[in-house]
Amino acid sequence: HLLSGSRTYIGTGEGAAADMHRSLAAARRLLTDPGEQARLDTLATVISERLAELDSVTRAYEGPGGLAAAGAIVRSDRGQELMFKARELIARIVGMERDRLARRQEHERRLTIITVASVFAAILLAGILSLLATTMFNGALTSREKAARRRQEALAELEHANSDLAEQASEMEAQTVELEQANDELRIVSEDLASQTAAAERASARVLNVLDSMSDAYIAFDH
């Protein structure tokens, strides 16, 4: 615009400015961290200052001072300083969001390991209890067979012992059912954690896409 005098070239900058404002609004909706919100506020201020600086160059060029007045504003390097500050703020926001995503993924990975270990331990315990119940039944049958071969008088005592063992077996079976229910609950928790992880990753991906769009908009704006 300064070289040709044609306002056609200003349209690209105005479109880039609108894209930046939309990107800032989208970033504010996605980012909830107070520190990042503060950086977005600073970035918005820098953008406003940069747009004001560009507007002052345009007005100076179209005013009495013409190209000389506009060139003096450009040579002050204020616009370059603002663009460097904006790029630095965007880089910090992107870096912090990537770090946050990495920490979230590591946390979810540890929770998944703990859940899997708990499920495995519950299954192992259920197997041990089942084996114990089988062993007790076998022992009871063996004892009953031996008692039958020894004396008829010991039958009453053996039946009493067998009744006790049956009650214990029922308790074992009830515990096994409870453990299976616990396994189901752990599986549901694991699936829920996986779903939350996927949702968090998609949200972070949207943030990164928005931030990348902001970077592209700044590059286009700078050009």
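Residues are numbered from 1 along each chain as its sequence is written, and because the model is predicted, local features require a pLDDT of at least 70 and side-chain atom pairs are counted only at pLDDT 80 or more, whereas totals for chains, interfaces and linings use all residues. Side-chain values rest on heavy atoms, with hydrogens and water left out.

Helix H3 spans residues 66-75, where helices are DSSP runs (H or I, at least four residues) numbered from the N terminus. Within H3, Gly66, Ala70 and Gly71 are buried, a class that denotes under 20% relative accessible area, with exposed meaning over 50% and partly exposed lying in between (1.4 Å probe, protein chains only). These three residues cover an arc of only 110 degrees around the axis, and therefore lie on the same side of H3; the arc is that of the directions from the helix axis to the C-beta atoms. The buried residues of H3 pack against helix H2 (34-62), contact being taken as heavy atoms within 4.5 Å. On the face of H3 turned away from its buried side, the exposed residues Ala68 and Arg75 are found. Just after H3, Asp77 adopts a positive phi of about 65 degrees.

Helix H4 comprises residues 78-150 and contains Glu108. Glu108 is buried yet forms no salt bridge, and the nearest side chain of opposite charge, that of Arg104, is 6.3 Å away. In this assignment Lys and Arg count as positive and Asp and Glu as negative, while His and the chain ends are not counted; a salt bridge is a side-chain nitrogen of Lys or Arg within 4 Å of a carboxyl oxygen of Asp or Glu. When residues up to four places away in sequence are not counted, Glu108 touches Leu193 and Thr197.

Two further residue pairs are separated in sequence. Ile90, also found in helix H4, is buried, with a relative accessible area of 6%, and is 50 residues from Leu40 in sequence but 8.6 Å from Leu40 in space, C-alpha to C-alpha. Val189, which lies in helix H5 (residues 155-222), is partly exposed at a relative accessible area of 41%; Val189 and Thr112 are 77 residues apart in sequence and 9.4 Å apart in space, again C-alpha to C-alpha.

The structure holds four salt bridges, among them one between the side chains of Glu106 and Arg109 (2.6 Å, N to O) and one between those of Arg110 and Glu106 (3.2 Å, N to O). An α-helix has 3.6 residues a turn, so residues three or four places apart point the same way. Glu106 counts as partly exposed at 28% relative accessibility, as does Arg109 at 43%, whereas Arg110 counts as exposed at 52%.

In helix H5, Glu191 and Arg187 are four residues apart, about one turn of the helix, and their side chains meet in a salt bridge (3.2 Å, N to O). Glu191 is partly exposed at 45% relative accessibility, and Arg187 is partly exposed with a relative accessible area of 42%.

Notes: Helices (H or I, at least four residues) and strands (E, at least two) are DSSP runs, numbered from the N terminus.
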